[in-house]
Amino acid sequence: MTVRAENDVALKEWAAIEDALAGGRLSVLVRKGGIYEKRGGFEVENREFWIFPTGWHQNEHELSPGFRAHLGDTPRFAPGEIPLRVHCVVEDALRVENLDALQRIGDLQPFSADTLRSRFEYRGKPYLHVLIVRAHVLPHPHVVANTAAYEGCVSWVRLDAPAPTAGTRPALDDEAFTRIRAAVLDRLS
């Protein structure tokens, strides 16, 4: 799939998860939605987006042990700046309504078993969205000013201006990504 030349959409995600995507350690995002998500909850509104790294609600105990090291590796930027370095293309978007199936992808997604179960059961609606994404990484982040318009517990952010994707490279080669994608789809079936 060809990556768009620029994009003005970003998905808020923990900085540790953004770091794991950038390093090729992760290709699976698990989502339910933010507190202020629209009435129906999180939806996969965009098939391509920047990762908007955030430290809000980022807790070590909620990550599986294999992903906790990414907490210390996240890049540091000045207050009021957001580094956009990971652009994702959604290859598969699945609504998973079976906790056992979600637990089978445990090592391929970033959350601890307790966090996965808690998010699955959140608001008495037993499901989670599983996004298999192809991450593309910039060698040097595109830095945007953080504005009040980007704040709040929502998943999607519309950037003030599109950020160019030129220079991004896949975090994983085609063979490695295909293996991970096949493993996720197999375990969820």
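Residues are numbered from 1 along each chain as its sequence is written. In this predicted model, local features need pLDDT of at least 70 and side-chain atom pairs count only at pLDDT 80 or more, while totals for chains, interfaces and linings use all residues; side-chain values use heavy atoms, with hydrogens and water left out.

User: How do you know that the span of helix α5 agrees with its 15 residues?
Analyst: The expected span is 1.5 Å times one less than the number of residues. For residues 174-188 that gives 21 Å, and the end C-alpha atoms are 21 Å apart, so the two agree.

User: Which residues of α5 are called buried?
Analyst: They are A176, F177, V184 and L188; buried means under 20% relative accessible area, exposed over 50%, partly exposed in between (1.4 Å probe, protein chains only). These four cover an arc of only 100° around the axis, so they are on the same side of α5. The face turned away from that side carries the exposed residues D174, E175, R179 and D186.

User: What do the buried residues of α5 pack against?
Analyst: They pack against β2 (28-31), β4 (81-96), α3 (99-104) and β5 (128-145), where contact means heavy atoms within 4.5 Å.

User: What makes D173 a cap of α5?
Analyst: A side-chain oxygen of D173 lies 3.2 Å from the backbone nitrogen of E175, at the N-terminal end.

User: Which residues have the most contacts inside the largest nonpolar core?
Analyst: L21, L29, F49 and L102 do, in a core of 42 residues.

Technical notes: Helices (H or I, at least four residues) and strands (E, at least two) are DSSP runs, numbered from the N terminus. The arc is that of the directions from the helix axis to the C-beta atoms. A polar contact is a pair of N or O atoms within 3.5 Å; within protein, one must be able to donate a hydrogen and the other to accept it, and residues adjacent in sequence count only if both atoms are side-chain atoms. A nonpolar core is a set of buried Ala, Val, Leu, Ile, Met, Phe, Trp, Tyr and Cys residues joined through side-chain atoms within 4.5 Å.
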